[in-house]
Amino acid sequence: MIAIEDVSKRYADGTVAVDRLSLQIPDHSITVLVGPSGCGKTTTLRMINRMVEPSSGTIRVNGEDIRSRPVNALRRSMGYVIQNAGLFQHRTILDNIATVPRLLGWSKERARARAAELMERVGLDPGMARRYPYQLSGGQQQRVGVARALASDPPVLLMDEPFSAVDPVVRRGLQEELLRIQEELGKAIVFVTHDMDEAITVGDRVAVMRTGGRLAQFASPDELLSSPADAFVEEFLGADRGIRGLSFLSTRELTLDRTAVFPVGSDWQEIAGRADTPAQVLVTDAGGRPLGWADPTAWGGEVEALEPHGQTFEVGRDSLRVALDRAVLSPTGQAVAVDGAGQVLGVVGQETIAAAIRAARRRRAADPEPGPSQVEAAR
Ligand SMILES: Nc1ncnc2c1ncn2[C@@H]1O[C@H](COP(=O)(O)OP(=O)(O)O)[C@@H](O)[C@H]1O
Ligand SMILES: [Mg+2]
């Protein structure tokens with residue numbers, strides 16, 4: 001665990017980049033530093049690996065003051081990833097990734113074998129091993145940067161705006177890849193970004209910093225969205241924090257309507273004649289998978305004539321945000337709930353989802369600690 005204790009940094013020209021910052025950064029988790037440009041994020045990150053020395057205060061790793069360790073040993077225990085990857089342009093991808101193992105004295109064969117293994121881990125085609133950085137896209141270079149930082153298996157990973165230079169779609173892919181890698185490796189990751197959406201997507205805990213290098217709030221993404229500490233944090237979170245906060249609420253407790261779901265081989269005349277048949281029913285195939293919506297009084301039984309059901313949501317895995325999105329996009333206002341195998345469990349309308357949101361908020365108010373199922377739903 002990294003402990004930042006009352007740390008300040010004043011540069012030679014008098015700029016106070018970081019002002020009495022205290023943060024506990026646990027193992028096996030991603031801690032994000034987020035805030036506007038110039039608020040001291042990079043300075044904070046660089047104080048952790050001693051590329052910048054604090055003016056006052058102490059930083060400890062597992063209780064030990066980082067000043068008591070040789071700086072080279074400290075840095076090798078901390079992978080470092082920067083924007084635009086910072087690769088060595090005259091070295092192949094494989095040799096870029098093998099850099100630190102080679103510095104540590106590994107044989108060329110062992111270092112390259114390790115590099116090849118890491119290429120796979122970060123989702124790079126092994127065919128790229130002998131290319132040079134300029135022959136890769138920005139997103140691929142960024143993956144190489146992550147692989148290089150992981151090469152000697154350091155317990156700590158410092159990442160400074162690693163994905164800020166790539167387009168939004170590639171960026172989302174890189175974020176997902178990071179979360180997947182972290183699930184396998186469980187590093188202590190300190191991740192810097194100026195983008196609150198990215199902070200909320202990748203962070204287990206998020207430190208919001210404001211200009212002048214002061215900490216505005218340190219909390220889980222869920223907590224930030226539901227209770228921002230002040231107007232600055234609230235504004236920085238953006239306009240739709242209410243909707244985004246639904247990402248942390250589980251669909252497990254939703255009351256599903258099973259009475260509007262019928263298999264395609266049903267007696268449609270009989271169903272249409274019943275008084276309690278809804279105006280729109282969801283038709284499923286023989287295996288229970290959704291086919292589409294029908295008005296049972298008008299439908300002639302042709303699957304092609306069904307109204308598309310659109311995307312479904314998986315109960316327990318998807319959040320209330322996803323369920324609400326599906327309901328809003330549905331032609332009937334009802335979202336289709338499925339299990340892990342894609343079989344329909346029922347349908348649920350916007351009103352029922354809204355009631356579930358209110359119930360979850362009431363539970364939250366009574367017990368502010370998010371349960372594991374809510375955290376899981378957010379991913
Ligand atoms: N070497 C330096 N000398 C003087 N001022 C610096 C130096 N590096 C950064 N700063 C200043 O410190 C503040 C914080 O910078 P930085 O940590 O890079 O912020 P961020 O990464 O959040 O954009 C800024 O005002 C910046 O101009
Ligand atoms: Mg910076």
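Let's begin with helix H5, which covers residues 108-121: at 1.5 Å a residue its 14 residues should span 20 Å, and because its end C-alpha atoms are 20 Å apart, the expectation and the model agree. Please keep in mind that this is a predicted model.

**Helix H5, face by face**

- On the buried side of H5 you will find Ala111, Arg114, Ala115, Leu118 and Met119.
- Looking down the axis of H5, these buried residues fall within an arc of 145°, so they line one face of the helix.
- An α-helix has 3.6 residues a turn, so residues three or four places apart point the same way.
- Glu109 and Glu120 are exposed, and they sit on the face of H5 turned away from its buried side.
- After H5 comes Gly123, a residue with a positive phi, near 80°.

**The domains**

- The domain assignment divides the protein into domain 1, residues 2-239, and domain 2, residues 261-358.
- Between the C-alpha centres of domain 1 and domain 2 there are 44 Å.
- An unreviewed UniProt entry places the feature "domain: ABC transporter" at residues 2-237.
- That span, residues 2-237, is 38% helix and 26% strand, and its end C-alpha atoms lie 26 Å apart.

**Helix H13 and its neighbours**

- Helix H13 runs over residues 320-329, and its buried residues are Leu320, Arg321, Ala323, Leu324, Arg326 and Ala327.
- Which elements do the buried residues of H13 pack against? They are the helices H11 (241-245) and H14 (350-366), together with the strands S14 (313-314), S15 (334-338) and S16 (344-349).

**The sheet of S14, S15 and S16**

- The three strands form an open sheet, ordered S14-S15-S16, with mixed pairing.
- S14 and S16 are the edge strands, each pairing on one side only.
- S14 and S15 run parallel and are joined by two bridges.

How values were computed: Residues numbered from 1 in each chain as written. Chains lettered and ligands numbered in written order. Predicted model: local features only at pLDDT ≥ 70, side-chain atom pairs only at ≥ 80, totals over all residues. Domains from an automatic or database assignment. UniProt positions renumbered as here; feature names shortened; annotations may be inferred. Helix = DSSP H or I, 4+ residues; strand = E, 2+ residues; numbered from the N terminus. Expected span 1.5 Å × (residues − 1). Buried ≥ 20, exposed ≤ 12 C-beta atoms within 10 Å, placed from the backbone. Arc of directions from axis to C-beta. Contact = placed C-beta atoms within 7 Å. Pairing = 2+ DSSP bridges.
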